[in-house]
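Dear colleague,

Here is the structure I promised to hand over. Please look through it first, and then read my notes below.

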Amino acid sequence: QSEDSDKSSAESDSETEVEQVSGYHKLLATLKASPESESEEEEDESESEEPEESEAEMDSEGSQETGEAERGEEDKDDVPEEEEVTDTAEQVLSQEQADGTDTSCDPRHGVIEEFTDVKHESEFSLETNFMEEESGDCNADKRDSNPFKQHMDKELEDKEIEKMSSLPKTSSQSQWPRVGQLIFSSTLEKHKTLKADKEVDVKQLHLHKPLESTWPKVNKQFLSSVDKPSDSPFTPLQRELFCIMNSYRDLLYPERNALTNGEEIRHAYCLHALNHVLKANAQVLSNNTKRRDRKPGTDTDDYRDQGLTRPKVLMIVPFRECALRIVHAFISLLEVNDKKKIDVSNKKRFKGEFGSDPEEKPPNLKRPEDYEAIFSGNIDDHFRIGVAILQKSMRLYAPFYSSDIIIASPLGIRTVIGAEGEKKRDFDFLSSIEILIIDQADIYLMQNWEHVLHLMKHINLLPLDSHGVDFSRVRMLNLNNWSKYYRQTLLFSALQDPQINSVFNKHCFNYAGQVAVRNMPLTGSISHVVVQLPHVFRRLEAESVTSVIDSRFQFFIDKVLPEYRDAIMSHTLIYVPSYFDYVRLRNYFKKEDLNFTHICEYTKKAAVCRARRFFLKGEKQFLLFTERFHFYKRYTIKGIRNLIFYELPTYSHFYSEICNMLKATDSGVDATWTCTVLYSKYDAQKLAAVVGIDRTAQMLQSKKNVHLFVTGEN
């Protein structure tokens, strides 16, 4: 296993490559050579995210080349955008074999064989174990007010299913003290309005043992020092989010912040997921005992307590470090005290494969705090692991069909699901997922959003094989293929984005309804620009969302670019969020023989150094610069005098970060600095995040260009 294969970069953000299968192994590719690819678009391997030299060293030609397998951005490697290709299964296999984890076969062949724990199978089997007397809580789950029982035991009627499939949702708004504005939506009759609990008594949450006693201790780290011991064991944010989670409604929370609330949110959904699994398993074990002791001839239809396959919770996270923290949270929540340690199988192996060596972190790297928070620990993004929990034990690396919880990255789950037409693929284990948690969804926009969409298309489908299930124990909702109407989806993101909203609106069918947090930014990231800079927002017109890509390109080459062709407008950086827009612009610039250089997520380190130096010295008039390169590297680009945002950034704080790069060059010509931003009416969310909601409303009503001047005092 390779712990050096941590650092991840981006996959191309293709709107067209629906079935793209890729291995994008970042630094990993620098350790083991993988086959050379024919084109930039073919392989989604990005530039190694290895420790960079200081900025001064990066500006020199002599930076080291470390044998990356990624493509360089030399002209000979440039390929027209029409020649996009998707990876073949053989390429994926070769990429898989380059992975440093313990893999002995193609993990796309249905069975995950990196390493699976087989020796503890009977110990963790739900079929052959029984409820221990002392573990209790088998009677507690009979309580009518228990949210788990209420949600899973509700019997939907055919007409209700038809209603959910055909009718639009009705929505209502509510304002909560901490999370702000909520949009409740549901197709079925309006449920009773959910109100935020001001005080939460742990005993009223119907938490399974031992969570009632362990949660206050585990969560103590997030509670304010001014809180009294008698106060709620939840932070105000956790209290409101858990109130929604525990109601089994779907949740979209787009204000997750790796620096501030990321960990408290992680602990809240870990509590909910673990509570669900413990209750579900306790119900099965309790019924096992009843079936064993029942009189012959008794009706067995009372014991329908499980799905068609065992996995109940799927947790999608971007990096191994996230999986490590989740498992640590589970262990902490299951251990009542130091004397009652739970037995965790394969803990040492897990720590080795998912942990990181603190000594590997290079010194003296100056990166923003949010970068350090996101990219801490082991950030390999190709992994999956099954977790089984039974009473007082936890089994890591459980085979998927013997797991209660699956923790995986989008790429890790994608390579198991496979693609249509392949002989060896497997997604039956997703058939009975009851809780889907997608954390840090915004990062998948920087990786490959297609993997998320591919997962959503394959979750809660009827399995192709029975996998040894006892059909007399399967809930009718699963047999009726209604699992998706009972699945709860929890989506956490750092930003509001149309693609994330689309998944929430089009792929979440929970009969209990959906809750989305919708707060509008009042100021916007433009207030964090510290250089005196005129900002010109130029509106382009487009007839539809699909036509805006072509409209933007035409607007740029017809109206914007001619103003910058003059040599006096040198040192112009063009910030391009979409990789495919970048390819299109690069090809156009070459065709027009413009004096430019370019940096993207696939650029080799030496080529990056050259491009930065040429741009700083003015030898190249334009620099095409992708958003993903900035996301994964955060280099300061020196020599900028003119900025063009080809499209508003995905992350609003990137706007101020890029603008503030102008101060990196102390040339005394700041009076000539310019910043031009292209936007359309379809960019309302991104625009509001940059300029604030009030300005956005004015700008969308007016069809004129908007000039804003931001002083250094803002």
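In this predicted model, helix α18 (residues 548-564) and helix α19 (residues 579-591) pack at an angle of about 40°, with their axes 11 Å apart; helices here are DSSP runs of H or I with at least four residues, strands are runs of E with at least two, and both are numbered from the N terminus. Axes are lines fitted to C-alpha atoms, for helices over the stretch in contact, and angles run from 0 to 180 degrees between N-to-C directions. From α18, the residues I549, D550, F553, F556, I557 and L561 meet D581, R584, L585, Y588 and F589 of α19, where contact means heavy atoms within 4.5 Å. The residues of this contact comprise eight nonpolar, no polar and three charged, counting Ala, Val, Leu, Ile, Met, Phe, Trp, Tyr, Cys and Pro as nonpolar, Asp, Glu, Lys and Arg as charged, and the others, Gly among them, as polar.

There is also an open sheet of eleven strands with mixed pairing, in the order β1-β2-β11-β3-β10-β9-β4-β8-β6-β7-β5; two strands pair if DSSP finds at least two bridges between them. Because β1 (170-176) and β5 (343-345) stand at the edges with a single partner strand each, one side of each is left without a neighbour in the sheet. The strands β5 and β7 (residues 393-396) run parallel and are joined by three bridges, and D343 has S393 in β7 as its bridge partner.

Residues are numbered from 1 along each chain as its sequence is written, and side-chain values use heavy atoms, leaving out hydrogens and water. As the model is predicted, local features need pLDDT of at least 70 and side-chain atom pairs count only at pLDDT 80 or more, whereas totals for chains, interfaces and linings use all residues.

Best wishes
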